[in-house]
Amino acid sequence: MAVLEELREAVLTGDKDRAVEVTRLGLETSIDPQALIDDAMIPAMDEVGRRFEEEEYFVPELLLSARAMKAALELIRPLLADTGASSRGCIVIGTVKGDLHDIGKNLVSAMFEGAGFEVVDLGSDVSPEAFVAAAREKSADLVGLSALLTVTMPSMKSTIEALEAAGLRDRVKVLVGGAPLSTDYAVEIKADAYAPNATAAVRAAQELVGGRAPCR
Amino acid sequence: MKGRTRVLSLLDGRPLDRLPLMPITMMFAADQIGVPYGRYATDHRVLVRGQIETARRFDFDHVSAISDPCREAADLGAAIEYYPDQPPAVVESKALLGEARQLARLECPDPTSAPRMADRIAALSLLRQEVGGDLLIEGWVEGPCALAANLRGINALMLDVVDEPGFVRDLCAFCVELALLFARAQVEAGADLIGIGDAAASLVGPARYEELVFPEEQRLIEGIHALGARTRLHICGRTRRLLRQLARLGTDILDLDWMVPIEEARAACGPEQVLLGNIDPVALLRGGTPAGVREGLGDCHAAAGGRYIVGAGCEVVRDTPLPNLLAMVEYARAHGGRAGPGSHP
Ligand code: B1M
């Protein structure tokens, strides 16, 4: 119990060294590795997201917490692979064509990893063709599209159309996010879901594809 | 009253005929003259034509040499990607300061001979030749945090502010050295006012802003004043939590993004501060109606009281419907400017 609470605190305050130390301790005392994620890291990142929305936390704090979580995950992931519960599904993510904003996308990507998904991050300014190729090659369950510019939102639509044209759309869910978006827009372009922030993105991904196979 | 006189009258507390109008245009201005943005950003003659044409069409009080955040970074040797119809952008994966210690080896180039900075200086000379005296001429520099982000990579810089504050302080100080050299050359070429864009500053939060960014922004503003020019500070994004500090900077114009309630800015800055803005450039100016634009500006104006300049929260985006922009123009034309103090709710 104390370990979970301490890990939560370490992630919340972005203390990477402490997060690693506590995780190591937890694993030595044979706490269920999945519990470290589900009962400490995810709730911590939820709280980080809430503080960001409330303007108590700012981008440095977001990135520090994500870094602490990733460092702790490095220790946990091999153990999850041993138990066979290695991945909750394969996600291909990127910022769409013409758009270079990647801070939010990087956070969402880190959160997906934290939640146990396998993530293929294509970076920013990603063409519809590149999304299609990666989705096919990796046998992705979900494609995550990020856009911060109003003028690049149509690239989301073209990416979804390209997935359709490639015959992948019935196998791949599409999640969209980024500051200028809305649920209405997501519906209009036939995405499966819209998430306003990183924790909502994890929840949406879990609902859409939770429990699927890892990337190929 | 000519645009230049109008803006300077407001800044100096003299009477003026109507509200000054100073929206930021870049891609919108290039589209006005039907030139792809890549050319607008890299050829000062195109930029000057776009600015003058746009200012004339929409009765703006100023013309500006703003184009993209990469001029200083490019001349320092950063990897830049140029696009046919978009602003040039820094390639973050090949950041110039991939290692923090590389800062020690960085030297300020001479802005008058470094190609991308010299192109902006040439734009200002040409603007002075073409519209000097009629319209206020605005130069532009990157603020300390924005340039630091361009050199280090914004994702890395956001961690540095916690891990390596000393490095960030040194880096911001270097950025201000260059900004002041660049500002001097722009003022000599004809700029009446220097705009400072410091987008990344909105991301660090008030404590780190106070410690690392504020002192350098303040030094930059004081340095530009010493050159005999005015300043306009624009920080994209959520700066509501920075208002108490922004109030102490001494910038002539505080240009606010749309997420900041102007009444809070007025309360924090007091009645003397000139405020500019700040309707939502995307949802309202691009996506709304002329009536909505008038109403939005009416709210901003009422909240700001006197010492107010009409504009959007950020760049007037591409594809903004002309009737909406004209509604903004009409708003400025229809309302008397007040040189006197703003109301202080
Ligand atoms: C897959 O599922 C999902 C689910 C949720 C998802 C998701 C995906 N992706 C995001 N989310 C969500 O979760 C995240 C965490 O909660 C959130 O992510 P966000 O990304 O929203 O939030 C981040 C944690 C923090 N926020 C950010 O990182 C964005 C910050 C601001 C200041 C910003 C920055 C930093 C930059 N910019 Co730019 N920039 C602005 C921004 C103003 C602001 N403060 O909002 C914005 C976004 N920029 C804008 C503009 C216009 C531009 N920018 C440009 C450039 C840049 C920089 C390169 C300088 C830099 C980006 C560096 C980088 N590597 O990312 C230019 C375009 C370049 C390009 N082609 O992309 C340029 C065109 C400016 C110019 N003329 O040069 C504006 C967009 C307006 C619009 N709606 O169209 C802008 C809102 C500023 C403004 N006030 O006008 C959620 O949206």
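Me: How many salt bridges are counted between chain A and chain B?
Reply: In this predicted model, one pair that can be named joins A:R67 to B:D163, whose closest N and O atoms are 2.8 Å apart. For chain A and chain B, the count of salt bridges is two.

Me: Which helix of chain A gives the most residues to the side that touches chain B?
Reply: Between chain A and chain B there are eight residue pairs in polar contact. Helix 3, helix 4 and helix 5 of chain A each supply at least two residues of the side that touches chain B. The one that gives the most, with six residues, is helix 4.

Me: How much area do chain A and chain B bury between them?
Reply: The contact draws 20 residues from chain A and 22 residues from chain B. On the chain A side, A:E55, A:F58 and A:P60 lose the most area to chain B, together 29% of what that side buries. Carbon and sulfur atoms carry 57% of the area buried between the two chains, which is about 1800 Å².

Me: Within chain A, how far apart do the C-alpha centres of domain 1 and domain 2 lie?
Reply: Chain A is divided into domain 1, covering 3–83, and domain 2, covering 90–209. These two parts touch, with 13 residues of domain 1 of chain A in contact with 10 residues of domain 2 of chain A. Their C-alpha centres are separated by 24 Å.

Me: Which residue of chain A forms a salt bridge with A:D46?
Reply: A:D46 is, along with A:I42 and A:K70, among the residues of domain 1 of chain A that lose the most area to domain 2 of chain A. Across the interface of these domains the rule finds two salt bridges. In the one formed by A:D46, the closest N and O atoms are 2.9 Å apart, and the partner is A:R203.

Me: How many nonpolar residues does the side of domain 1 of chain A that touches domain 2 of chain A have?
Reply: Helix 3 (33–53) and helix 4 (59–83) of chain A each supply at least two residues of this side, and helix 4 gives the most, with eight residues. By class, the side has no polar residues and four charged ones, while the number of nonpolar residues is nine.

Key
Residues numbered from 1 in each chain as written. Chains lettered and ligands numbered in written order. Predicted model: local features only at pLDDT ≥ 70, side-chain atom pairs only at ≥ 80, totals over all residues. Heavy atoms only, no water. Domains from an automatic or database assignment. Contact = heavy atoms within 4.5 Å. Buried area = accessible area lost by both parts, 1.4 Å probe. Salt bridge = Lys/Arg side-chain N within 4 Å of Asp/Glu carboxyl O. Helix = DSSP H or I, 4+ residues; strand = E, 2+ residues; numbered from the N terminus. Nonpolar A, V, L, I, M, F, W, Y, C, P; charged D, E, K, R; others polar. Polar contact = N/O pair within 3.5 Å; in protein donor to acceptor, adjacent residues only side chain to side chain.
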